[in-house]
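This report walks through selected helices, strands and loops of one structure. Please keep the sequence and the 3D view open while reading.

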Amino acid sequence: MRGVLSRFRGFIIGIALVALLVWWFSSDHAADGPSGNPVQLESLQTFTENSYHNFLNRHKAAQRPDRSIRIEAEHYSSAEGEVSVVDKLGDDSSIALTTQETGQVTWTFEVKEAGLYQIGIRYYTVPGKSSAIERALKINGEIPFQGAESLIFDRVWMNNAAEFERDNRDNELRPSQIEFHTWQETLLKDANGLSDEPFLFYFPQGTNTLTLVAMREPMAIDYLQVYQSPDIPAYADVKAGYGRFSSPSDVLIKVQGEHALYKSSPTLYPIPDHTSPSLEPYSVSKIRMNAIGGLNWRMPGQWLEWEMDVPEDGLYKIALKVKQSLMRGVYSSRKLYLDGRIPFKEMENLKFYYDADYQLDVLGERGEPFLFPLTKGKHTIRLEASLGEISPLINTVESSVLTLNSAYRQILMITSATPDAFRDYQLERRIPNLIETFEMQRDILYSAAEELRAITGEKSDKTAILYTMSRQLDHMVKQPHTIAGRLDQFKINIGSLGTWLLAVREMPLQLDYMIVAAPDVKLPKANHSVVAGMRHEIGKFFYSFIEDYNTIGNAEEADQQSVTVWIGTGRDQAQVMKEMIDDTFTAQTGIHVDLKLVNIGSLLSATLAGQGPDVAMEIGISDPVNYAMRNAAYDLSQFPDYEEVAGRFRDSAMVPFRFNGGVYALPEQQLFSMLFYRKDVLEELGLEIPDTWDDVYEMIPELQKRYMQFGLPIQDQAATMVPNDTFSMLLFQTGGQYYANDGERSDLDSEISMQAFGRWTDFYTSYKFPLTYDFMNRFRLGEMPIGIAPYSMYNLLTVAAPEIRGLWDFAVVPGTLAEDGQVRREAASSGTSVMMLQHAKNKEAAWEFMKWWTDKDTQVRFGREMESLMGAAARYPTANIEALRELPWPVKDYRNLEEQWQWVRGLPEVPGGYFTGRHLDNAFRKVVNLGENPREALHDHVLVIHNEIQIKRREFGLTEGTEVSTRAADNR
């Protein structure tokens with residue numbers, strides 16, 4: 001009985017403890033920061049010295065004169081690069097100055113009254129590479145603040161057709177986005193949307209100069225204007241002037257969101273939404289383009305514009321059927337422009353809160369709709385994504401991340417990344433102002449969390465990391481001896497803050513339609529009934545057994561040449577490709593392409609079973625030769641125009657596809673390594689960008705004594721058949737090669753290979769380089785301020801590391817000084833390819849498709865479409881030489897890529913070559929992990945590699961090399 005009572009008492013105590021914890025975490029205590037009393041952020045914020053915030057602080061006493069200075073673009077005082085004066089662009093006969101994507105133009109003008117001014121510009125989007133126009137601004141020869149070095153000018157895009165085309169399966173096709181070249185007027189503002197107001201610039205009295213430096217894309221300029229834009233009045237003030245307008249009756253204008261007239265980005269294309277039968281238009285089984293926006297419409301500055309025809313003068317209300325189901329804990333913000341201007345202050349920050357379903361949001365306040373005066377005729381409504389009230393918080397947290405990042409690096413230089421948990425490093429005494437910095441950032445982050453909580457009205461994952469970091473900083477302030485022990489979690493939290501910066505600036509919103517209606521008109525419901533929802537779900541289930549979701553686009557018609565093509569990428573990419581095929585390839589050649597979206601891993605088994613395609617796309621560069629050995633791939637060099645087609649690519653891209661006198665694929669993508677570096681960290685350390693490996697050796701001790709590291713490409717354990725990039729660089733730069741006698745034997749037992757292998761392993765045995773690391777995160781934190789990585793890392797850093805924008809760059813890889821004084825910079829390449837299968841029924845048609853696909857124009861269009869579909873992170877690494885030049889790379893960055901590309905070497909594929917990467921890695925692991933002698937370890941594995949090559953050559957009936965691998969045995 002006593003045992004039962006004891007267990008019952010324990011049970012009751014457990015219930016009480018659980019209840020206490022639930023109460024604690026559901027109450028405000030769980031979110032309380034170190035003090036529980038948030039302070040004014042303005043009193044605590046710290047920003048980098050050249051930030052826009054500090055620029056305004058330096059000039060806070062300056063006046064904002066009510067003057068306007070118009071500068072005609074053709075009256076420039078000096079120019080570098082190619083410029084020309086034109087007298088007609090589009091439908092406008094204004095005289096304009098056309099500038100290219102390199103060079104700069106300077107204008108000189110007089111300012112009668114010193115002060116802060118805004119700068120407006122009227123420009124024309126002349127044809128270019130279809131990316132946003134980018135310029136840097138200098139005032140009196142200097143960039144005034146961070147942000148002015150990268151000003152973005154939008155292009156204008158539109159659907160290629162007013163009505164959506166359908167394939168012969170009755171699915172609507174996503175319309176291509178075409179550029180609409182037009183004149184635009186804009187004020188210079190922050191390209192990242194972190195400043196909700198246009199930039200202010202200080203001009204002293206007297207003669208001033210204004211310079212625009214071309215960074216990307218050409219543009220034409222009509223004039224620049226230095227002035228003050230008028231203040232936007234509040235709704236109450238605007239409403240007082242509505243006297244002459246009356247309210248019409250029974251007027252309801254519905255504008256479908258997918259039929260937006262203009263847009264700022266080609267990513268803002270119509271999308272199909274199958275989640276609800278309330279969408280317009282709707283089909284239970286077929287694809288209908290019935291919405292726009294979503295995740296594509298999330299970045300500040302992106303806008304959509306619609307046109308409507310109003311039947312009579314009057315006051316109208318506006319309603320939007322929208323869904324914001326992607327971002328909990330924050331709202332999506334939009335600015336509304338009516339006929340090109342914001343009608344009143346309340347339209348600067350429209351808030352759309354999270355909801356899983358569509359909502360019909362009537363623009364208004366406290367239950368009363370805002371009324372908009374509209375005259376009879378055409379009007380435009382533009383919605384622009386903005387950060388609204390959250391932008392100051394993002395600025396604040398971004399500044400905190402940089403400050404904490406710097407503090408972390410200072411701690412790292414004393415403790416290393418793995419400090420002794422039982423040692424007191426006395427960091428508060430060795431690092432000046434460390435505790436004061438932590439105290440300030442603690443209060444800043446806690447106050448920012450409280451302010452975000454007040455803005456959004458709830459606690460969420462968006463506030464959690466701010467509270468967490470604030471609490472950790474509080475603990476480190478109160479217990480400095482625990483800082484070293486908390487360092488790992490401190491680093492993780494800084495990385496989480498960087499991720500927070502990326503997530504919280506995204507403002508997704510999906511729109512079905514908008515309504516402009518008379519005030520007394522009853523609006524439709526946003527969502528479907530329960531019965532309609534059930535009918536929708538049952539219909540989707542039924543049609544899932546009927547519809548073919550693997551085939552993309554039209555079905556084959558009778559008596560038409562056809563090619564079956566398999567692709568293993570995503571549906572969006574396949575859809576883009578199918579649209580290009582239909583409107584270009586099939587239209588020009590009459591050849592139908594049956595494009596199938598498949599798991600490309602099934603290609604081998606399907607081919608062996610006789611069920612494979614004619615052409616396979618997006619396959620690894622090692623596959624074509626492996627198929628060729630088994631007589632499953634077709635030799636493309638048999639076509640008479642092969643040499644002409646091969647001239648589109650560098651020879652390095654073709655090397656992996658050559659075997660036994662034939663060529664068995666064409667390259668699609670080609671990737672190679674570049675040297676990435678943090679400009680700010682190297683400047684702090686007083687280090688230069690290494691030009692040669694000798695410079696790298698000199699840099700390593702300087703980094704390591706501060707517990708920082710140089711990043712070298714590491715072996716992907718899932719792809720150990722590919723030789724390591726670092727070893728390839730060291731081997732090729734000293735004249736080595738992987739195979740001898742045209743692939744009959746391994747050449748890794750040569751003296752050059754042995755020395756390269758020794759240098760490679762020495763980085764890990766003598767210099768203790770890490771065998772595994774996350775370059776992206778270490779680079780962001782500054783732990784690894786320099787390293788070698790594939791150039792696609794550029795795209796990732798551009799999109800996913802906003803807190804270090806402008807603080808990093810990339811260059812050619814370190815080289816080896818040759819005897820003739822030249823620095824050799826060879827690096828290995830990787831990529832994907834397109835291959836024709838041996839059993840292709842119509843090889844001429846398949847060859848026509850492969851030529852079309854690898855053509856410059858096709859590759860440029862696909863690259864631009866993919867970037868418009870998925871953003872800058874999806875910039876396409878095409879292998880076509882001319883196509884890469886046409887993709888929207890900034891000029892400086894493309895020149896770096898071009899310089900490195902000239903040194904790229906391809907890795908040949910040979911029978912049994914899969915053993916090369918695998919056993920090279922095995923030898924490397926023996927040296928690094930087991931301490932074996934590098935020469936002996938490599939010798940042992942070269943024997944295994946060579947034997948496998950001989951076995952495979954005999955298996956495939958190839959002539960054996962007469963030389964047996966005796967060199968390795970002799971050298972032992």
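## A buried glutamate

Glu 384 lies in strand E27, residues 377–386. Helices (H or I, at least four residues) and strands (E, at least two) are DSSP runs, numbered from the N terminus. The model is predicted: local features need pLDDT of at least 70, side-chain atom pairs count only at pLDDT 80 or more, and totals for chains, interfaces and linings use all residues. Residues are numbered from 1 along each chain as its sequence is written, and side-chain values use heavy atoms, with hydrogens and water left out.

Glu 384 is buried, at a relative accessible area of 7%. Buried means under 20% relative accessible area, exposed over 50%, and partly exposed in between (1.4 Å probe, protein chains only). Its side chain makes a polar contact of 3.4 Å with the side chain of Tyr 337. A polar contact is a pair of N or O atoms within 3.5 Å; within protein, one must be able to donate a hydrogen and the other to accept it, and residues adjacent in sequence count only if both atoms are side-chain atoms. Not counting residues up to four places away in sequence, Glu 384 touches Lys 189, Gly 301, Gln 302, Trp 303, Ser 333, Arg 334, Lys 335 and Tyr 337. Contact means heavy atoms within 4.5 Å.

Thr 211 sits in strand E13, residues 206–216. With 5% relative accessibility, Thr 211 is buried. Its side chain reaches that of Thr 106 through a polar contact of 2.8 Å. Beyond its neighbours within four places in sequence, Thr 211 contacts Gln 104, Val 105, Thr 106, Ala 136, Leu 137 and Lys 138.

Tyr 269 belongs to the loop between strand E16 (262–263) and strand E17 (270–272). Tyr 269 is buried too, with a relative accessible area of 6%. A 3.0 Å polar contact links its side chain to that of Asn 296.

## Helix H8 and its partners

Helix H4 (residues 391–415) packs with helix H8 (residues 487–504) at about 155 degrees, axes 10 Å apart. Axes are lines fitted to C-alpha atoms, for helices over the stretch in contact, and angles run from 0 to 180 degrees between N-to-C directions. H4 and H8 are therefore roughly antiparallel. Angles under 35 degrees count as roughly parallel, over 145 as roughly antiparallel, 65 to 115 as roughly perpendicular and the rest as oblique. The contact involves residues including Ile 394, Val 397 and Leu 404 of H4, and Phe 490, Ile 494 and Trp 500 of H8. By class, there are 13 nonpolar, three polar and two charged residues in this contact. Ala, Val, Leu, Ile, Met, Phe, Trp, Tyr, Cys and Pro count as nonpolar, Asp, Glu, Lys and Arg as charged, and the others, Gly among them, as polar.

Helix H7 (residues 461–478) also packs with H8, at about 150 degrees and with axes 10 Å apart. H7 and H8 are therefore roughly antiparallel. Among the residues that meet are Ile 465, Leu 466 and Met 469 in H7, and Phe 490, Ile 494 and Trp 500 in H8. This contact has nine nonpolar, five polar and one charged residues.

## Helix H17

Eight of the nine residues of helix H17 (residues 725–733) are buried, so the helix is largely enclosed by the rest of the structure. The buried residues include Phe 727, Met 729, Leu 730 and Phe 732.

Asn 724 caps the N-terminal end of H17, with a side-chain oxygen 2.7 Å from the backbone nitrogen of Thr 726. Gly 735 follows H17 and has a positive phi, near 90 degrees.

## Backbone exceptions

Most residues other than glycine have a negative phi, and most peptide bonds are trans. Asp 339 has a positive phi, near 55 degrees. Asp 339 lies in the loop between strand E21 (332–338) and strand E22 (350–352), and is partly exposed at 41% relative accessible area. Tyr 707 has a positive phi near 60 degrees. Its loop runs between helix H16 (693–704) and strand E36 (710–711). Tyr 707 is partly exposed, at 38% relative accessibility.

The peptide bond from Glu 280 to Pro 281 is cis, with omega near -10 degrees. Pro 281 lies in the loop between E17 and strand E18 (289–294).
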